[in-house]
Amino acid sequence: MTPRAHVARAPGRVNLIGEHIDYCGLSVFPMALRRSVRIEFNPRADREMRLADRDPGFAPSAFSVSESIPPGPAGDWANYARAAAQALARRFPDLRGIDALVESDLPIAAGLSSSSALLVAIALAIMHANRVTMASLELMELLARGERYVGTAGGGMDQAIILGAQAGCASRIDFQPLRLTPTAVPTGWRFIVAWSLVHAEKSGAAQQAYNERTRQGDEARRLVASRRGLPEDTAYAALLTADSVDELLKVAGASMPQVLSRRFRHVLTEGARVRQAEAAMAAGNLEAFGRLLDASHQSLRDDYEVSHPELDRLVELAREAGAAGARLTGAGFGGSIVALCRVERAPEVISALREKFYAPRGVADDVERHVFVAEPSGGAEVLAPG
Ligand code: GLA
């Protein structure tokens, strides 16, 4: 890569609350991290994409930009680059490719959206190299749809926060229509992220379980809508304007198998928690926010069944060490937790996790790669050559 290369940078994200409900069209409340994917790139004169990664664990990859790019093997990291390139090629004719060198300080498959960050960074690099632009909200939606290329029926949270985050803030993301509303994170609050040491690969082992949840959420919604005499395509948000949460839960309890009604209960209660959490943050009410994190974890563990014993253990240890609340973050099945505490309590929480979670599991060195304070950061950007 020449010293004149441009750089596209896309942060990871930690979802504070509103888990597994973006694909139901309900609001979520994430923030972007300072850790990010960085891509040095130069435009090419042809349609070729040449990708390399500074981490030798990721083999170089090459493909041609087109409206229909054949996918690499399942789990191939470059599939996220193919997804970005194909989505843009369907929107803009005659795109040229780039030479790109990827590096990242984001933990991989840890529930912090390293793969969507890669996809967004590649998209920004291709757009910059081709001098094409697009309204930010439109790009968020295009890339959310585009990422389904890898086979995961994901919602739109990750691409929206990665592109639209504001430094110092968490953002409520509404869908249909897409909109971001920032709230400043109080300066005395600390969100701690801790990885369970269990990989949760969005395009790998967790994919089937994730896609099953999206189907169940949809089926429960259709059953309740038809029970209420509403059209089958009535969205969750519309169900909630027609009836109260309690009424809807009663209908669900009486009209579907238990597992579906538990999935439905998670979606509705989590949706309510998002609004309450946003208000708690705006009011600086850390205890209330913490209780909502705890309730979210319980719901994800018992009703949605996406937790993992190692996530449950981390949550428990964080609380014991004085966190106001904690929960799994991201898709689950492994990945990370997020815990909230006061700034002065953060060192204690981190050292408790270090001693009681990481040390017994044989992780003593560079623990700060696995457990760290999340700094609410700005969204993705292209930096001019330095
Ligand atoms: C993954 C998906 C998101 C969202 C979360 C769960 O990160 O990419 O769209 O569904 O899982 O909240």
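Predicted model: local features only at pLDDT ≥ 70, side-chain atom pairs only at ≥ 80, totals over all residues.
Eleven residues are listed around the ligand: Arg-13, Glu-19, His-20, Asp-22, Tyr-23, Gly-155, Met-157, Asp-158, Lys-202, Tyr-210 and Ala-331. By class, this shell comprises five charged, four nonpolar and two polar residues. A polar atom in the side chain of Tyr-210 is found 2.6 Å from a ligand oxygen, and for Asp-158 the distance from a side-chain N or O atom to an oxygen of the ligand is 2.7 Å. Gly-155 contributes through its backbone, with an N or O atom 3.0 Å from a ligand oxygen. The protein buries 97% of the 310 Å² that the ligand exposes when taken alone.

Turning to the helices, H1 spans residues 79-91 and has 13 residues. Its first and last C-alpha atoms are 18 Å apart, close to the 18 Å expected at 1.5 Å a residue. Of these 13 residues, 11 are buried, so H1 is largely enclosed by the rest of the structure. Among the buried residues are Asn-79, Arg-82 and Gln-86, along with Tyr-80 and Leu-88.

Helix H10, with 12 residues (309-320), likewise has a span close to expectation, reaching 16 Å where 16 Å is expected. Here Leu-311, Leu-314, Val-315, Leu-317 and Ala-318 are buried. Viewed down the axis of H10, the buried residues fall within an arc of 165 degrees, so they line one face of the helix. Pro-309 and Glu-320 are exposed on the other side of H10.

Glu-270, in helix H8 (residues 258-282), has a relative accessible area of 0% and is buried. The side chain of Glu-270 reaches the backbone nitrogen of Gly-18 at 2.9 Å and also forms a polar contact, at 3.0 Å, with the side chain of Ser-296. Leu-163 belongs to helix H4 (residues 157-164) and counts as buried because its relative accessibility is 14%, under the 20% cut-off. Between the C-alpha atoms of Leu-163 and Ala-117 the separation is 9.0 Å, although the two residues are 46 residues apart along the chain.

Finally, some backbone geometry stands out. Most residues other than glycine have a negative phi, and most peptide bonds are trans. Ser-113, which is not a glycine, has a positive phi of about 70 degrees; Ser-113 sits in the loop between strand S5 (98-104) and helix H2 (114-130) and, at 6% relative accessibility, counts as buried. Glu-305 also has a positive phi, near 50 degrees. This residue, Glu-305, is placed in the loop between helix H9 (286-302) and H10, and its relative accessibility of 36% makes it partly exposed. The peptide bond joining Gln-176 and Pro-177 is cis, with omega at about 0 degrees, and Pro-177 is located in the loop between strand S6 (169-174) and strand S7 (179-184).

Conventions:
Residues numbered from 1 in each chain as written. Heavy atoms only, no water. Near = heavy atom within 4 Å. Polar contact = N/O pair within 3.5 Å; in protein donor to acceptor, adjacent residues only side chain to side chain. Areas by Shrake-Rupley, 256 points an atom, 1.4 Å probe, with all protein chains shown as cover. Nonpolar A, V, L, I, M, F, W, Y, C, P; charged D, E, K, R; others polar. Helix = DSSP H or I, 4+ residues; strand = E, 2+ residues; numbered from the N terminus. Expected span 1.5 Å × (residues − 1). Buried < 20%, exposed > 50% of the residue type's maximum accessible area, 1.4 Å probe, protein only. Arc of directions from axis to C-beta.
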